[in-house]
Amino acid sequence: MSQSPQIRRLSYSDLPQVMSIERGSFPTPWSLAMFVLELSKPSGISLAAVHDGRVAGYLICSRYDTVWHVMNVAVDRRHRRKGIATALLARLFEIADRPGEQYTLEVRVSNQAAISLYERFGFRGAGVRRGYYHDNREDALIMWRTAEAAAASCERESAPVRKAGSDGLGASAAPA
Ligand SMILES: CC(C)(COP(=O)(O)OP(=O)(O)OC[C@H]1O[C@@H](n2cnc3c(N)ncnc32)[C@H](O)[C@@H]1OP(=O)(O)O)[C@@H](O)C(=O)NCCC(=O)NCCS
């Protein structure tokens with residue numbers, strides 16, 4: 001990919017493309033109803049990465065109480081390793097980061113690609129949920145990120161965050 005993807009809000013009309021990426025990315029893909037439910041939550045942040053007018057990746061983040069939960073991130077196989085997930089996460093943190101803001105997620109312990117990606121943004125392993133994934137009883141690594149610590153660690157490590165292009169998300173896109 002010669003240029004950064006455009007990052008914008010994910011919309012209901014994107015969901016057919018999202019479902020296609022989802023089915024190609026996970027052994028137990030989310031249903032359409034799960035995406036619809038997440039999009040309906042006013043406090044959530046759902047983003048699409050668009051390349052050549054098509055959805056190339058997406059990110060779903062929900063807020064429960066005081067904590068952000070990164071629920072789903074996936075990139076079309078044809079567009080992986082081009083900085084799309086990086087651009088999606090960078091935009092999420094642009095929107096949601098405040099000093100002390102906390103984020104958590106679960107990831108398969110075997111998913112080294114995703115673990116490396118999250119570590120670059122300051123997520124750190126903080127325990128394991130045994131047999132969390134129903135298909136093969138694989139353990140989940142629980143990861144946490146705190147905004148201040150991550151910002152400091154990114155500065156120290158000069159993490160290569162590729163800048164997303166114009167995304168049409170104004171200040172009003174910030175969640176309540
Ligand atoms: C994990 C995933 C979202 C990464 O998306 P991506 O757009 O390819 O990621 P990026 O190009 O932004 O990669 C950023 C960094 O993540 C790490 N990474 C990404 N893919 C990797 C791989 N296959 N192997 C090792 N490291 C990888 C690298 O550190 C990479 O930086 P680099 O390319 O400079 O080495 C994508 O592989 C995917 O959709 N996988 C299936 C769904 C999934 O597992 N989602 C996460 C669920 S928790």
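1. Val-55 counts as buried because 24 C-beta neighbours lie inside 10 Å. The cut-offs: buried is 20 or more other C-beta atoms within 10 Å of a residue's own, exposed is 12 or fewer, partly exposed is in between, with C-beta atoms placed from the backbone.

2. This is a predicted model: local features need pLDDT of at least 70, side-chain atom pairs count only at pLDDT 80 or more, and totals for chains, interfaces and linings use all residues. Residues are numbered from 1 along each chain as its sequence is written.

3. Val-55 sits in strand E3, residues 54–64. Strands (E, at least two residues) and helices (H or I, at least four) are DSSP runs, numbered from the N terminus. Neighbours within four places in sequence aside, Val-55 is in contact with Asp-14, Gln-17, Val-18, Ile-21, Ala-48 and Val-50. Contact means C-beta atoms, placed from the backbone, within 7 Å. Pro-5 is 50 residues from Val-55 in sequence, yet their C-alpha atoms are 9.6 Å apart.

4. The sheet is open and mixed, with 7 strands ordered E1-E2-E3-E4-E5-E7-E6. Edge strands E1 (6–9) and E6 (124–129) each have a single partner, so one side of each lacks a neighbour in the sheet. Neighbouring strands are turned by 25° against each other on average, direction ignored. Pairing requires at least two DSSP bridges between two strands.

5. E5 (residues 102–108) and E7 (residues 140–146) run antiparallel, joined by 7 bridges. Thr-104 has Trp-144 in E7 as its bridge partner.

6. Helix H3 (residues 84–96) lies across E1, E2 (45–51), E3 and E4 (67–75), at about 140° to E2. Axes are lines fitted to C-alpha atoms, for helices over the stretch in contact; angles run from 0 to 180 degrees between N-to-C directions.

How values were computed:
Contact = placed C-beta atoms within 7 Å.
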